[in-house]
Amino acid sequence: MKRRDFFTKVLITGGGLTLGMGCKRRIEPSSAEKSGTIIPVIESHGRTIREPERLIPILAETDVLIIGGGPAGAAAAIAASRTGAETYLVERYNHLGGLWTGGLVLPLLSTHGADKQKRRKQVIFGIGGEMSKRLVDLGMSIHEESPVVDPEAAKYVLEEMIRESGVKMLYHTWGANVIMDGNVIKGVYIESKSGRMAILTKVVIDCTGDGDIFHMAGENYDVMQYAIGLVHRLGNIDRIKTDKPGYVKMNTGGPTPIPGVNWVNMWGRENQDALDIENLSQLQSDYRMEIWNNVQKIRQTPGHEEVFLLDTASQIGVRMSRILDGEYRLTLEDSMTYRSFDDVIGLSGSWTPVLYKGKKIPSSKRPFWQIPYRSLLPKLTENLLVAGRCFCFERELVEDGRIIGTCLVTGHGAGTAAGLAVKNNSSVKDIDIKELKKVLIQQGAFLG
Amino acid sequence: MKNIVRILNLRTLSFMVAVILALPLSLKGWTGIYLWLSPFIMLNSVFALKSLVFLNSLGLIILLFVLFRKRWFCNNLCPVGWSCDKVSGLSRKTYSYRQVPDFGKWLAITSLVASLVGIPLFVIFDPLAIFNGFFTIFSGGFTPVKILFYDFFPGLLLMHLFLPGIWCKKICPLGGLQLAVDDVRSGVRKLTVRDEPGRSVPDSGRRYFVMAGAGLLAGFMVPRILRSEGETIIRPPASAGPDLFNLLCCRCGSCSRTCPTNIIKPVTDTAYPLAWMTPQLIFVDGYCLESCNLCSTVCPTGAISLFSVEAKAELFIGKAEIELKNCLLLNNKECIKCKESCKFEAIDFVASGNILNTVPVINFKRCVGCGACAVVCPQDCILITPPVADLKILS
């Protein structure tokens with residue numbers, strides 16, 4: 001055999017061998033290890049005490065009872081009252097508007113969404129739209145899209161509308177428990193300076209945000225842990241002297257309708273349990289200290305001497321807690337595909353970009369989305385409606401489900417539906433959807 | 001009827017199928033499946049990576065066919081062969097090119113031997129790669145580099161107008177490989193059947209010896225000369241290292257056509273001529289989906305190695321870097337987009353000093369650089385940079 005033949009053959013054999021040695025190639029994950037989800041435990045230290053049975057005075061008997069006077073509750077009360085139903089609204093603080101006003105979360109987000117031609121269009125009308133309009137007329141609202149409002153003006157406007165519509169208002173009052181008769185809520189125990197009382201009612205709307213009422217009524221729900229913050233406002237922003245030697249730009253938040261006053265959002269600690277009162281109290285305490293210290297730091301920075309802490313929110317900024325397990329769970333997919341529902345009660349817009357099917361959809365291009373009546377309906381209780389951030393949607397939609405604009409829309413829908421159910425003496429579950437939509441449109445709502 | 005039957009012979013049909021599979025029609029795993037038929041790509045890939053995937057069996061089957069029927073692939077399946085023949089038909093001249101050496105055979109053998117020792121040399125001359133690569137024309141904008149590469153297939157056809165049959169007969173490495181296989185067959189036959197008169201003598205051992213020697217030399221030397229260090233290209237997951245990738249990748253464009261979020265784009269940066277037209281990830285409006293391994297399933301050369309979807313948490317494409325200055329969170333605005341979009345739980349919100357200074361922080365042990373956060377960030381303050389491992393080569 002010639003030398004070169006030998007080399008050639010060696011090469012060929014080598015090639016063959018490599019081929020033979022070749023093993024199947026596919027990269028697999030190394031041992032998969034997934035951490036389980038942590039289930040929160042509220043400590044009661046294992047001890048309990050039995051409350052003695054007692055007689056509770058009945059404060060009133062009404063048609064519609066709304067617990068929670070935030071954006072959803074206020075809109076619901078006005079809507080229900082406008083349909084002619086006698087309406088009671090129970091609010092734990094001294095103002096209407098909840099986190100929007102007292103919580104100082106001033107932007108009315110997602111007033112606009114993109115239509116099918118990708119044009120931005122206002123979608124929040126009806127009672128929420130009316131509130132927004134009145135604030136504009138007062139000159140207490142800046143930006144056309146997702147306006148930032150003045151909290152005191154918003155409290156005033158809501159008060160005005162509640163008074164005009166004849167809602168019976170109970171401030172400084174908690175909805176303490178439900179009075180159940182099978183699957184029907186006969187009324188709600190309330191707790192206040194007057195002690196424990198009961199309000200009997202035909203329909204209850206849960207606008208507590210945390211879903212306290214549907215929790216007590218025995219509905220199923222999802223509990224979400226989220227960041228909790230505390231918003232504050234700074235004054236004298238217009239007196240910051242940028243030309244002062246040693247001036248450094250400090251973070252002083254965003255403008256409000258009042259010149260010289262800024263609102264400062266706080267993201268706060270992550271994954272907080274909003275249903276644990278000890279935790280909430282701790283956060284409240286910590287945040288107050290941190291905000292004060294931070295404002296002092298700003299005041300010590302050259303040019304910022306006159307800046308002062310105007311106020312901290314009277315309500316801690318709980319973003320999410322309970323989410324109802326309702327008749328229909330609204331999905332992100334629904335919100336991205338112009339899904340239309342027969343029982344639409346309103347539309348909401350968008351304010352953040354999302355990743356949808358692996359691609360970015362900027363907030364300006366995100367569709368407006370319909371909210372069906374069914375997602376306000378609990379599965380078990382006969383005469384309960386849920387509005388506000390705890391209505392039934394999937395977690396992927398949380399950024400759009402939890403904000404003021406959506407609360408106003410769901411509140412309006414729930415209020416009108418409750419009023420109609422009382423008027424027609426029917427259950428909220430088999431309400432005439434056509435009539436509901438007709439009345440909503442008469443009340444100025446936009447249904448797509 | 002007769003006409004239709006005549007038109008629809010295997011080769012024409014094959015051409016049509018090849019075109020359909022090469023078009024950007026989101027055919028998922030079927031995209032560019034034709035490339036797997038090429039035994040040249042298959043052998044280069046298997047030799048270089050010393051491992052196999054299931055689809056390599058297609059190439060093996062073709063190799064078997066070729067072993068029994070001379071140039072079976074060229075005559076029955078090759079879409080480039082079909083189109084070259086059509087163009088050659090327009091020209092009245094015919095040449096046999098007896099004087100021209102078999103460049104194809106040289107390309108094939110040199111490339112294969114070189115890939116045995118590490119680096120395949122001429123995969124990009126595979127006709128199926130040229131054919132498929134041409135169809136990348138339908139995705140993305142134009143740059144001089146892109147046009148240069150797109151011209152390959154039309155240029156081939158143009159060449160055939162003047163020199164009919166030249167590519168298929170003399171230059172094509174896939175054709176050359178088939179000729180070499182035929183030589184092997186004759187060689188084997190010569191060993192078993194002695195003195196068969198009338199058969200043409202196959203290429204002498206000497207020529208193969210020189211080809212193999214050139215391949216060996218090239219295989220050893222080329223990686224030393226063409227160092228791709230400092231390349232800051234973000235490759236698809238499970239890609240080979242930069243030196244190997246640039247030569248193993250056949251520029252067929254299948255990965256960029258199959259990518260469901262359209263983030264795989266050809267490199268056209270003149271700073272990296274070696275990497276021209278190889279895939280890179282551009283995170284503009286899409287990210288590398290956590291539930292997708294399509295690019296790895298279509299890559300015929302294994303430059304993007306096959307991986308399972310579950311392995312994605314360990315395949316580091318790059319790493320996310322946040323420019324905090326514009327971050328909404330640091331400016332006390334409401335935003336959770338990066339954290340929410342991270343499927344690998346690699347982003348935490350951490351208070352730095354004061355709770356009002358909460359900022360997103362990336363856990364590099366978990367961040368694979370999929371780009372979800374970078375894409376969704378409303379302030380565009382997240383950037384995906386090449387993984388740390390690549391930077392180590394520099395130091």
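**Rings and cores**

Modeller: Phe125(A) has 35% relative accessibility, so this residue counts as partly exposed; buried means under 20% relative accessible area, exposed over 50%, and partly exposed in between (1.4 Å probe, protein chains only). This is a predicted model, where local features need pLDDT of at least 70 and side-chain atom pairs count only at pLDDT 80 or more, while totals for chains, interfaces and linings use all residues. Side-chain values use heavy atoms, without hydrogens and water.

Colleague: What describes a pair of aromatic rings?

Modeller: The distance of the centres and the angle of the planes. Rings of Phe, Tyr and Trp (its six-membered ring) pair if their centres lie within 6.5 Å; planes under 30 degrees apart count as stacked, over 60 as edge-to-face and the rest as tilted. Phe125(A) and Phe446(A) have ring centres 6.0 Å apart and planes at 70°, so they are edge-to-face. These two residues are 321 residues apart.

Colleague: Which pair does Phe134(B) form?

Modeller: Phe134(B) pairs edge-to-face with Phe135(B), at 5.4 Å centre to centre and 75° between the planes. Both Phe134(B) and Phe135(B) are buried. Ring pairs also join them in a cluster with Phe15(B), Trp82(B), Phe131(B) and Phe153(B).

Colleague: How many residues has the largest nonpolar core?

Modeller: A nonpolar core is a set of buried Ala, Val, Leu, Ile, Met, Phe, Trp, Tyr and Cys residues joined through side-chain atoms within 4.5 Å. The largest has 152 residues, and Trp100(A) and Met131(A) are among those with the most contacts inside it. Another core, of 50 residues, lies apart from it and includes Trp82(B) and Phe134(B).

Terms used. Residues numbered from 1 in each chain as written. Chains lettered and ligands numbered in written order. Helix = DSSP H or I, 4+ residues; strand = E, 2+ residues; numbered from the N terminus.
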